[in-house]
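Work through these exercises with the model open. Try each task before you read its solution.

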Amino acid sequence: MFLKCDITGFNVDKRALPLIKANAVVSVVAFLIAIVAALLVLLTRWQVVHLLPVDWYYRILTLHGLVALVVWIVFWEMAGLYFGSTVVLNARQVSPATGWLAFVLMVVGTALVAFAVLTGRADVLFTSYPPLKAQPVHYLGIILFAVGALIVCGLFIANVMVAKKEKTYGDGPLPLFSFGLLTAVILAVGTLLAGAAIYVPTFLWSLGLIDSVDSLVYRLVFWGFGHSAQQVNVAAMISIWYLGAFLAVGGTSINEKVSRTAFLFYLIGINLASAHHLLVDPIPSPSWKVVNTSYFMYLAVLASMIHAFAVPSAIEVAQRRKGFTKGLFDWLKNCPWENPAFVSVFLAIVIFGFIGGITGVINGMEQTNMIIHNTIALPGHFKGTVVGGTTLTFMGATYYLIPLIFRKKISMYGVAKAVPWTFAIGIVLLSAGLSTLGYLGVPRRHWDITFSGGPFTYTYPPIADIFWVVAVLGGTIAFLGALAWCLVVVVSVFFGEPVRGKQDMQLTMSSPPPPDTERHDSRYVAPGTFALTIVFMIAFLIFVTLNWGWLSIMWEVK
């Protein structure tokens with residue numbers, strides 16, 4: 001049942017490998033669909049091209065939202081859950097047959113949703129707010145997909161319990177990577193239950209079995225699913241950051257207890273960020289809105305700040321123990337920049353922090369949210385979190401899955417090394433362009449932002465034209481980088497040379513660095529990371545100050 005990995009030394013359950021591979025392959029197919037849809041949407045939003053007619057624009061926008069935010073990421077996470085609960089723990093896969101049942105449910109659910117959307121049966125966007133109504137097949141597909149994902153979450157917990165009982169990973173606590181995935185699973189269970197609480201009655205409504213679904217109640221419950229799903233991604237993404245730091249340079253958290261506590265903070269506070277979608281809704285009270293978008297949400301912000309310091313500091317400490325100790329950034333200069341998996345993780349940390357994190361706090365605050373609520377700045381924020389953070393992280397981690405799970409060498413290695421830089425540059429430009437356009441008042445989702453043919457029109461400041469070019473240029477660059485990644489993965493998996501042992505590994509597989517024999521003041525164990533943190537805090541304070549300034553001049557009281 002087990003085979004010994006000659007690269008990592010793990011005992012690998014052979015029954016888990018096909019489940020990892022199947023989910024990973026479907027995720028790549030979904031990613032390809034998502035990026036094609038994204039480019040079509042972007043070229044339609046840009047009024048110079050205005051590519052798609054109005055009906056197909058909303059159709060493709062619905063497809064993009066569902067496939068990019070849910071299907072691609074969740075299938076990849078399912079592969080990660082199997083990997084993190086069996087391979088990393090030297091554990092057996094509990095009930096592989098149940099895993100295959102979950103996979104079939106998710107694939108069938110995805111196919112039903114795609115059929116409904118592409119045939120015009122579900123032009124309701126990702127959120128599908130009532131009174132917009134899709135045909136029953138759409139909601140059925142979503143429910144089947146969610147049930148499959150919920151089953152995999154249950155299998156992950158069962159695998160971990162069996163591994164603990166059989167002491168496959170020793171007597172200590174779960175490895176930090178698996179602990180982070182456990183956090184993601186707990187968040188996922190709550191997220192999926194919230195989805196069931198609103199999609200089941202909506203499905204019954206579409207069948208005509210109940211008369212209506214209250215639109216405000218729908219919005220309230222939906223965001224317990226819609227936004228919380230992205231918090232699952234955050235927990236999974238950060239788990240991979242810790243794993244990537246270890247694989248690339250042998251880095252481990254300088255204080256695992258603090259890192260684990262930060263994951264627990266996510267369980268307490270991160271889903272409260274969903275409240276920012278409801279700040280203009282009449283159901284929640286003003287006090288509820290203020291409390292949820294400030295004091296409670298800051299627990300999640302604190303957790304992210306801890307991880308944002310812990311992962312780079314793990315890299316820095318490992319590098320310094322290897323002798324890279326000159327000045328503040330000799331450790332950074334000598335990181336394995338030829339390793340595309342490491343580059344992906346590092347760039348994801350930077351983008352997620354400086355773009356996704358800072359804009360996320362602005363979006364999440366009750367007052368400053370009013371500047372950009374329902375503008376195209378919101379997709380700009382998504383590009384810094386779900387794309388520049390989670391997607392780039394998963395793309396990089398796939399480079400390790402290819403040799404370790406598929407046992408193939410990475411084909412076109414030069415292209416593979418260029419992908420993270422290309423994709424990251426494109427996403428930064430795209431996010432910056434969309435965010436700025438949002439501050440200039442460009443709305444979300446609208447097919448025609450000039451409102452031509454309507455009772456009124458609107459002319460944007462001339463500088464908006466420049467930022468549309470920035471956004472489209474960035475989106476095109478990111479699309480090419482993503483397309484190149486898909487090509488590398490497909491060629492590697494299906495046509496790549498086999499990996500016969502460590503000698504065929506193209507990526508860094510570091511051992512823990514030598515112990516530190518010198519005495520240090522604990523405050524300065526990672527001075528370079530501390531300096532980078534100060535830079536981040538300055539950028540954060542500048543942007544927050546600007547937003548409060550802009551807010552103060554929006555409504556002039558006379």
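Helices here are DSSP runs of H or I with at least four residues, numbered from the N terminus. The model is predicted.

**Exercise 1.** Find Phe451 and state where it sits, what its phi is, and how accessible it is.

Solution. Start with the place: Phe451 is in the loop between α15 and α16 (463–495). Next, read the backbone: its phi is near 55°, a positive value in a residue other than glycine. Last, take the accessibility. Phe451 has a relative accessible area of 24%, so it counts as partly exposed.

**Exercise 2.** Do the steps again for Met412.

Solution. Met412 belongs to the loop between α14 and α15 (413–439). Its phi is near 50°, positive although the residue is not glycine. Its relative accessibility is 35%, so Met412 is partly exposed.

**Exercise 3.** Is Thr391 buried or exposed? Which residues does it touch?

Solution. First locate Thr391: it is in helix α14 (residues 377–404). Buried means under 20% relative accessible area. Thr391 has 4%, so it is buried. Leaving out residues up to four places away in sequence, Thr391 touches Phe31, Trp72, Val386 and Phe423.

**Exercise 4.** Describe how α6 (residues 215–226) and α7 (residues 228–249) are arranged.

Solution. The two axes come within 4 Å and cross at roughly 15°. Angles under 35 degrees count as roughly parallel. Therefore α6 is roughly parallel to α7. Now list the contact: α6 gives Trp223, Gly224, Phe225 and Gly226, and α7 gives Ser228, Ala229 and Gln230. Sorted by class, the contact has three nonpolar, four polar and no charged residues.

Key
Residues are numbered from 1 along each chain as its sequence is written. This is a predicted model: local features need pLDDT of at least 70, side-chain atom pairs count only at pLDDT 80 or more; totals for chains, interfaces and linings use all residues. Side-chain values use heavy atoms; hydrogens and water are left out. Axes are lines fitted to C-alpha atoms, for helices over the stretch in contact, and angles run from 0 to 180 degrees between N-to-C directions. Helices (H or I, at least four residues) and strands (E, at least two) are DSSP runs, numbered from the N terminus. Angles under 35 degrees count as roughly parallel, over 145 as roughly antiparallel, 65 to 115 as roughly perpendicular and the rest as oblique. Contact means heavy atoms within 4.5 Å. Ala, Val, Leu, Ile, Met, Phe, Trp, Tyr, Cys and Pro count as nonpolar, Asp, Glu, Lys and Arg as charged, and the others, Gly among them, as polar. Buried means under 20% relative accessible area, exposed over 50%, partly exposed in between (1.4 Å probe, protein chains only).
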